[in-house]
Amino acid sequence: MYKYFNKSITRQYMFSLILVVIFALVGAALLTGINYGIQEDLMIEREELKEKKLLVNEIEDHLMLMVFHARGYYFLQDERELEFLHSEQDELIKAISYYEGLKLDEEEERFVYEINTFLLEYNEEILVPSIIHVRNDDYVSLRSLAFAGATDRVIDFMEQMQNFANEIDDKLNQINDKTIDSVNSFKWLYVTYIVLILFVLGIFIRKLSKNLGIPLLELTQASEQIVQGEYVQLTQVKRDDEIGVLSRAFQEMARSMQGKEEELTAQNEELLAQQETLEEQQEHLEKSLLELKYLNSALNESALVVITDHKGIITYTNEKFCEISQYSKEELLGQDHSLINSSSHSKQFFQDLWKTILKGNIWNGEIRNKEKNGSFYWLETTIVPYLNECGVPYQFIAISKDITDKKIAEQKLQQSYEETETRRQLNQDIIDHVNEGISLLDEKGSLLKYNFMFTEIIGKKDNLHNISFEEWSNFLNGRVEEFTDFKNFMKKAICHEGQEALTYRYEVLTPKKKVFDVYAVTIQRNNNQHGTLVVHRDITAEYEIDQMKSELVSTVSHELRTPLASVLGFAELMLTRELKPERKKKYLETIHKEATRLTNLINDFLDIQRMESGKQTYDKKIINVYTIIEDLIVKFKTTNKQHDFVLQSAEERIEILGDEEKLIQLFTNLVSNAVKFSPDGGEVTIRIEKRENDVICAVTDEGLGIPAEEVSKLFQKFYRIDNSDRRKIGGTGLGLAICKKIVEAHHGDISVSSVLGNGSTFYVKLPALEGTVITPKITYTTEHLGGDRPSLVIVEDDESLGMLLLAELKELNIDVTHFSNGESAIAAIRKRQPNLIVLDILLGEKMDGWKVIEELKKEEKTKQIPIIISSALDEKERGQNLGIDHYLTKPYPHGKLSEVVLELLEIGDKTGKILVPIEEKEIEQNE
């Protein structure tokens, strides 16, 4: 057996590994079994105690009910109470019997004995005598029995039972503690066992490294020495496994290679000598081959002219040359060294040509000549000088070839090339002006085509044509986050053969952080892959919006949950505890504050939605900006003790035409931001001044300030400055976006100037109103209503809100009736003819508020009743189409409905419209 394992490394280590695994599995199974047994015993014990606890509670409940019904019989003499008493007594006996059947310890058996004894004594000494006294109307004896201690005995026994139940709870807690201790103990046992297994594996790996790694390292070093030509002497390895066989074979191979090295060196020197000889022969053959080439060309399709000396006297020409030149032999032989009169080459050209060939050099070139008929032809000419013994040319052979057709074809090809190049440049200009980075790769990933945006992405604008995948992709190394993943995707896209597009998203970190979506499509033609088109699309803006939305969800979730948690928490405290009046008032103030915060948050979302959709309506009238801001400062002073508020204005009446509620919202947001982003307190200054035709309002704080690069994004929806100092302040990023919309709706402008760390100033410019306006304020009281009590109907499906409105309006000495659905409200209105109707829109599926209005308008006796809409929906446009001018949008301030009701009852003429409480205004125009 030992020899069997000794001859194979695989068998040795597989056997060792199997032993380690078996040891690990057996140990783990043993620990798990012990842990399971202990936990099972504890669980059984816990379940038994729970069952006993339930039975004790049941016994206690039956005993209490039995005593309760007994007392009911004593006082009422009702036989049904006596029947209930006996029924509970039977159930009590059954519960005690079931308890006795359980496995009980000494203390529990004593408890059973005590309860049986108590029941026997209670029946004989208290219950039976009491029933007899009641039937005999002997209440004197019954009271005597009670004063004799019967009641105290019952109370003492109930306390004893409660103590026993508490003992069972203590035992359950002990069982739970034992369970937790057991789990913790076995957790450390498991950890210890894992450490032991790792130690055994470490020994196994160390043995593997020693027996396998060291011999392999020696063989590797020996191989490197052989490559470098060094002499190698290996230690003799006495092993029967694969390492021993490999070592002995390597030794034999090394000895063989070292023995043949000298022989190979000698053969190499001999081959080098032969190579020099062959090179000399090759040079001579190439020269001879060149001469044969020219002669062969002359004998085939070329024209041959023999010139005897350097003066150019032609002694021979063949028919081919005459055919080309369209001259006769006699005419040609009479020409000078220029051969044919040329109008396209200067004399200097021919002089330079002859200087070249007279030096013994071969001349190759094109000669353009004019024919007799005036057209041109081209000759591709080679002139070969033959030298005498002194190296002086004595004869010249001119070999010419007609390339006229070829030249014309080349001109057409050049023209076609220029047209193609123009179209190619146009296409390149088109793709260079595409915002996406485009690149075309061949089957190996080399760059075939690309546009300007692609060079911007990789940050390299030099000539990139045909550079390899490794070269152009490495331009992005260090600039692209997760570069390895990006490179793996590009490799996958290059090798992809399917028709579907592959997509990937990556980020470029420098010089500016950008996010790109890349998709790659394989280009195929005739079922063959011709390359891969890769498009890089810059989605930085979309990515930032998605990030902003995700952050918005997180922010809004926090902004909603925080006040909700406070409202629910304080409400629960008020419901479950008896609180002092001052504590209760403080909790109610907190609930009101958090509910207001929730309302403002929801209103912000609704406002920005209406503003962006163009559905926001503005009830513009002449208002005094100074008064609005003055009232606003009073409110902020009561709740922000850390800050000093200063209002600066040269006059106290600066008027504009605007929506009062929206302008209050505008300045509330600006002052609130000034407070919120001045966490250390300081002065908040509001300056109002009139400049020509504009009113300028400036809100200045001494807070954190705004970074210069963030100012341009400040009025974007949901935008919040990414800074830890501001993150902990909170907010949704809607306040300034709403401010901008409100200012634009009033034909104004809003801007900001800030120094980081030194505070900010927000400027609001609104068109001023010419003239002076006097606006008397009307105060409404119940005296306006006259002597008769007017009637009012509230139609509101929310019971809580209906109760609130009912309580508010009843204080006005008005007869108020509440209905939760439209059907019953219409029937009551037809019957009672109220003076006013307060109507919700969302009443249910059968009949909503709009249908109620339609039904009331159909009848003469109801269509003249004024209606106030109180709804969470802002559908004023639809209301206007039905003849409605105004309604209250929930949530509205407490007392607002009372104010409108008093005004309508004072000035209402039953026109059947929803009237707006408009105050009379007297305008004195400035002259």
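**Close-up views of a predicted model**

**View 1. Helices α3 and α4 are roughly antiparallel to each other (an angle over 145 degrees).** This is a predicted model: local features need pLDDT of at least 70, side-chain atom pairs count only at pLDDT 80 or more, and totals for chains, interfaces and linings use all residues. Residues are numbered from 1 along each chain as its sequence is written, and side-chain values use heavy atoms, without hydrogens and water. The axes of α3 (residues 79-100) and α4 (residues 106-135) cross at roughly 165 degrees and come within 11 Å. Angles run from 0 to 180 degrees between N-to-C directions. Helices are DSSP runs (H or I, at least four residues) and strands likewise (E, at least two), numbered from the N terminus. In contact (heavy atoms within 4.5 Å) are, among them, Leu 82, Leu 85 and Leu 92 of α3 with Phe 111, Ile 115 and Leu 119 of α4.

**View 2. Helix α16 (residues 625-639) packs against helix α17 (residues 660-676).** Their axes lie 10 Å apart, at an angle of about 45 degrees.

**View 3. Strand β19 (residues 791-795) is largely enclosed by the rest of the structure, because five of its five residues are buried.** Buried means under 20% relative accessible area (1.4 Å probe, protein chains only). Ser 791, Val 793 and Val 795 sit on one side, Leu 792 and Ile 794 on the other.

**View 4. β19 and strand β20 (residues 815-819) pair in the parallel sense.** Pairing takes at least two DSSP bridges; these strands have five. Ser 791 stands opposite Asp 815 in β20.

Note on methods:
Buried means under 20% relative accessible area, exposed over 50%, partly exposed in between (1.4 Å probe, protein chains only). Angles under 35 degrees count as roughly parallel, over 145 as roughly antiparallel, 65 to 115 as roughly perpendicular and the rest as oblique.
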